[in-house]
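Here is a quick tour for someone meeting this structure for the first time. Have a look at the sequence and the 3D view, then read on.

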Amino acid sequence: MNLLVIFIGAALINNFVLSQFLGICPFVGVSKKVDSAFSMGMATTFVMVIAAMVTWLVYHFILLPFKLEILEYVAFILIIASLVQLVEMFIRKVSKPLYDALGIFLPLITTNCAILGLALNAVLNEYSFSQTLVYGLGAGIGFTLALVIMAGIREELELVDIPRSFQGAAITMIIAGSLALAFMGFAGLI
Amino acid sequence: MKEKTAIQEFVKGLWDENPVLVSLLGLCPTLAVTVSAINGLAMGLAATFVLVCSAFLVSLLRKAIPNQVRIAAYIVIIATFVTIADRFLAAFTPDISKALGPFIPLIIVNCIILGRMEAFASKNGIGRSLLDALGMGLGFTMTLLVLSSIREILGSGTWFGMDVMWGSFSPWSVMILPPGAFLALGCLIAGANWINNRRKA
């Protein structure tokens, strides 16, 4: 399959948040301010690309040759958890400003189901190494896009008079629904 | 805070601390699998199974697991039970297993389960942890069942595959598409808020 098709598919048509429902927790939790939404998106994209590569390598060079596919879930979640830790230490050593910007968001990424979902989907779709890489990048950018749009809307929402029962999570869900409707329009892109 | 009785530990998960409607945990599977009532029920029961088994093991081992590696230990325990549940569903109900797709393995990162391990099972005895896990699991299953029933009835005109709208109903297909999940859950959360506000007033 064409790499560009995979990229656009992961970023827009099958947007991880709005059409596959992966990574809803940070989508609801960290979408109050555009700056923090953008930082969170970037950190997630970063981990997604690395996690996609490492899980592909582990799956194809360790799990498959030794017939250990049943350990897929346990292995993937351990890889992701240790990767997040490693990335955190690496960033802290190399770039202090970046670390301060991402700081609190990094540990949260371990429990972001978009990362594990990405790794599992890549195996399920039988992607090659380069396809997995592009898939991870597309998914990350799509995640960032959805998060930033949502944060932009929620910043405006603070000035709006919302019925009491709908305040907080309820109105966020309704907005996400409208965004998902809008993103369905991308379906004809390819 | 007052010590809760055993019954209260069980009941709190059903409404007062309902994982989805009040704590907003585990939203990913809630939105994704509730296309039909049977899928919602299967997902809820699978998550309850993992929750109860992990709570049992975590609370049994709570003095043996060193504090620094506890999260990693919980995740390995949870992942083990998820693998069991996944194989079980694939063997006995292949259709449902296929429909739920990656969301069975994603129970591993379901915040409800990790949250209960960290907040409850690691600090309480086996009996209480089991009751707490069972209550939370049933609260989750109940919410999934309500949401998936709404979506299936409005979106396909059926409930558990049975025709319940007497044929003359044209289904709102948006309800079984992704946007419908967000809209239905938003209304459900608003409804729960409304009831809670009335009860307090």
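## Before you start

This is a predicted model, where local features need pLDDT of at least 70 and side-chain atom pairs count only at pLDDT 80 or more, while totals for chains, interfaces and linings use all residues. Residues are numbered from 1 along each chain as its sequence is written, and chains are lettered from A and ligands numbered from 1 in the order in which they are written.

## Where the chains meet

Chain B puts 32 residues in contact with 31 residues of chain A; contact here means C-beta atoms, placed from the backbone, within 7 Å. On the side of chain B that touches chain A, α2 (27-33), α4 (70-92), α6 (111-121) and α8 (178-200) each supply at least two residues. Helices are DSSP runs (H or I, at least four residues), numbered from the N terminus. The largest share, twelve residues, comes from α8(B).

By class, that side of chain B has 27 nonpolar, five polar and no charged residues. Ala, Val, Leu, Ile, Met, Phe, Trp, Tyr, Cys and Pro count as nonpolar, Asp, Glu, Lys and Arg as charged, and the others, Gly among them, as polar.

## The nonpolar core

The largest nonpolar core has 117 residues, and those with the most contacts inside it include Ile115(A), Leu116(A), Val50(B) and Ile108(B). Such a core is a set of buried Ala, Val, Leu, Ile, Met, Phe, Trp, Tyr and Cys residues joined through C-beta atoms within 7 Å, and buried means 20 or more other C-beta atoms within 10 Å of a residue's own. The largest share of this core, eleven residues, comes from α3(B).

What does Ile108(B) touch, not counting residues up to four places away in sequence? Its partners include Tyr73(A), Ile77(A) and Leu116(A), along with Ile75(B) and Val82(B).

## Helices side by side

In chain B, the axes of α3 (residues 37-60) and α7 (residues 126-156) come within 8 Å and cross at roughly 165°. That makes α3(B) roughly antiparallel to α7(B), a label for angles over 145 degrees. The residues of their contact divide into 20 nonpolar, ten polar and two charged.

In chain A, α4 (residues 72-94) and α7 (residues 113-124) pack at about 130°, with axes 10 Å apart. Phe76(A), Ile77(A) and Ile80(A) in α4(A) meet Ile115(A), Leu116(A) and Ala119(A) in α7(A). The contact of α4(A) with α7(A) has six nonpolar, no polar and no charged residues.

How values were computed: Contact = placed C-beta atoms within 7 Å. Axes fitted to C-alpha atoms, helices over the stretch in contact; angles between N-to-C directions. Parallel < 35°, antiparallel > 145°, perpendicular 65-115°, else oblique. Buried ≥ 20, exposed ≤ 12 C-beta atoms within 10 Å, placed from the backbone.
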